[in-house]
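Thanks for sitting down with me over this one. Shall we go through the labels and see what stands behind each of them?

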Amino acid sequence: YYLKEVPKTKKEIRREKEEELFKKGERIPIPTDAELIAEKEELPPYLVFTITDVDNNVVRNIYEKPKKGINRITWNLRYQGSSPVNLKNGQFDPLEEGGDGSLALPGKYRVSMAQMIDGDRKELAGPVEFTARVLENVALPVEDREELVAFQKNMADLNKVMQGAQRAIDELLDRTESMKQAGHNTPGI
């Protein structure tokens with residue numbers, strides 16, 4: 001992909017304006033608290049490459065930090081993973097894709113590119129069609145790929161349900177321990 005220029009954040013725009021005013025010797029306005037909070041809470045711009053199958057079902061989203069010039073991304077031909085979300089440092093990261101799922105079926109796919117700036121999505125390119133093919137260099141070839149992918153999807157769904165149940169159990173155990181501690185620390189009970 002090619003980007004002529006990288007989009008700027010509110011903070012970068014403000015600092016550029018302040019730099020121009022400083023060079024001219026003019027007064028630099030002090031940003032309001034609301035402006036500073038908006039700058040702090042603003043997500044940095046990022047690109048979203050959406051891969052869809054022939055039925056327009058989203059197969060995978062690939063997130064990328066925008067870089068000026070000619071760049072390349074690669075899809076590993078895997079579906080989106082179904083593992084539970086784990087936040088890094090307890091914060092949302094728009095570039096975090098999650099895990100990988102099973103290998104995608106051979107066939108026709110489309111990819112489109114969009115840019116996210118402060119929550120607004122702007123389509124930049126696509127969709128462009130391409131074909132995924134199987135390399136005939138595997139030791140144990142699969143007779144029915146669609147059946148294999150369906151089985152892997154069922155297993156991933158089952159795994160998701162099991163992990164959700166385990167999280168619910170863990171939360172209930174934590175709440176039970178908290179209630180026991182609260183009862184223990186309450187006078188007259």
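Buried means under 20% relative accessible area, exposed means over 50%, and partly exposed is in between, with a 1.4 Å probe and protein chains only. The model is a predicted one, where local features need pLDDT of at least 70, side-chain atom pairs count only at pLDDT 80 or more, and totals for chains, interfaces and linings use all residues. Residues are numbered from 1 along each chain as its sequence is written, and side-chain values use heavy atoms, leaving out hydrogens and water.

Q: Why does N56 count as exposed?
A: N56 has 55% relative accessibility, and the label asks for over 50%, so N56 counts as exposed. You will find N56 in the loop between β2 and β3 (strands are DSSP runs of E with at least two residues, helices are runs of H or I with at least four, and both are numbered from the N terminus).

Q: Why is L77 called partly exposed?
A: Its relative accessibility is 32%, which lies between the limits of 20% and 50%, so L77 is partly exposed. L77 sits in the loop between β4 (69-70) and β5 (78-80), and its phi is positive too, about 60°, although L77 is not a glycine.

Q: What makes K108 partly exposed?
A: K108, a residue of strand β7, comes out at 43% relative accessibility, and therefore counts as partly exposed.

Q: Which residues does K108 touch?
A: Not counting residues up to four places away in sequence, K108 touches D53, V54, E129, F130 and T131; a contact means heavy atoms within 4.5 Å.

Q: What makes a set of residues a nonpolar core?
A: The members are buried Ala, Val, Leu, Ile, Met, Phe, Trp, Tyr and Cys residues, joined through side-chain atoms within 4.5 Å. Here the largest such core has 14 residues, and W75 and Y109 have the most contacts inside it. The elements giving two or more residues to this core are β2 (46-53), β3 (58-64) and β7 (107-117), and β2 gives the most, with three.

Q: What does Y109 contact?
A: Leaving aside neighbours within four places in sequence, the partners of Y109 include I51, V59, W75, Y79 and F130.
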